[in-house]
Amino acid sequence: MADAPPVYAALVHHPVRSREGTAITSAITNVDVHDIARSACTYGLSGYFVVSPIAAQRILVDRILEHWREGAGARRVPERTQALANVEPLENIAVACARITERHGVPPRVVVTEARPELGLPSRSYADVRAALAAGPPALILFGTAHGLHESVLRTADLVIEPIHGRGGYNHLSVRAAAAITFDRLFGPR
């Protein structure tokens, strides 16, 4: 992706959906932080933001990053240090967009993932989104925790990626799995 426009990912913990559909804030988990970082690094993303309005949760991310960048984790699994180099905890999606704008001089295109077709959002195929990302400008792909991104985020996105479908009728992937599949479909070899 050296010649391609920069693409970032964000794991959003607010606003996300509760089981009932209301906006909530979910808790950050260690495994989401480093597993998505590893996938983002593997597929050449320019950065990965972990978004939470709760300062204590962002401090938790800093501690996780310290463990894998400088602490016992870095000594034990040094290759994970590289994957976590571009991870940054931020308070909201607007700050993530501002950070990308500062770095690249233009605001990013916001791309969202959504597993619930019943919302009626106009989604695009992975091939269409891949082509749109290659054409620029920089992009920010949002992944939602809990039961997915809240509708207020989904309806303001520039692009909605079609849901991931497997062979069966079950459709409730972990966010780590959804991110890895999405990165592979958008940035893997074709």
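Predicted model: local features only at pLDDT ≥ 70, side-chain atom pairs only at ≥ 80, totals over all residues.

Colleague: Where is Ser52 found?

Modeller: Ser52 is found in the loop that runs between strand S4, residues 47-51, and helix H2, residues 55-69.

Colleague: Is Ser52 buried or exposed, and why?

Modeller: A residue counts as buried when its relative accessible area is under 20%. Ser52 counts as buried because its relative accessibility is 0%.

Colleague: Which residues does Ser52 touch, and what lies 3.2 Å from a polar atom of its side chain?

Modeller: Leaving aside residues up to four places away in sequence, Ser52 touches His13, Thr25, Ile28, Gln57, Arg58, Leu90 and Glu91. Within its own stretch of chain, a polar atom of the Ser52 side chain lies 3.2 Å from the backbone nitrogen of Ile54.

Colleague: Turning to the cavity, how many of 30 Å³ or more does the structure hold, and what volume has the largest?

Modeller: The structure holds 1 cavity of 30 Å³ or more, and the volume of the largest cavity is about 60 Å³.

Colleague: Which residues line the largest cavity, and which elements give two or more of them?

Modeller: The lining consists of Ala37, Ala40, Cys41, Leu45, Gly47, Tyr48, Gln82, Ala83, Asn86 and Val87. Helix H1 (30-42), S4 and helix H4 (78-83) each give two or more residues to this lining, with H1 giving the most, at 3 residues.

Colleague: What classes of residue make up the lining of the largest cavity?

Modeller: By class, that lining has 7 nonpolar and 3 polar residues, and no charged residues.

Definitions and conventions
Residues numbered from 1 in each chain as written. Heavy atoms only, no water. Helix = DSSP H or I, 4+ residues; strand = E, 2+ residues; numbered from the N terminus. Buried < 20%, exposed > 50% of the residue type's maximum accessible area, 1.4 Å probe, protein only. Polar contact = N/O pair within 3.5 Å; in protein donor to acceptor, adjacent residues only side chain to side chain. Contact = heavy atoms within 4.5 Å. 1 Å grid on protein atoms, 1.4 Å probe; cavity = no way out; pocket = protein on both sides within 12 Å on 5 of 7 lines; lining within 4 Å. Points joined across faces, edges and corners; volume = space filled by probe spheres on them. Nonpolar A, V, L, I, M, F, W, Y, C, P; charged D, E, K, R; others polar.
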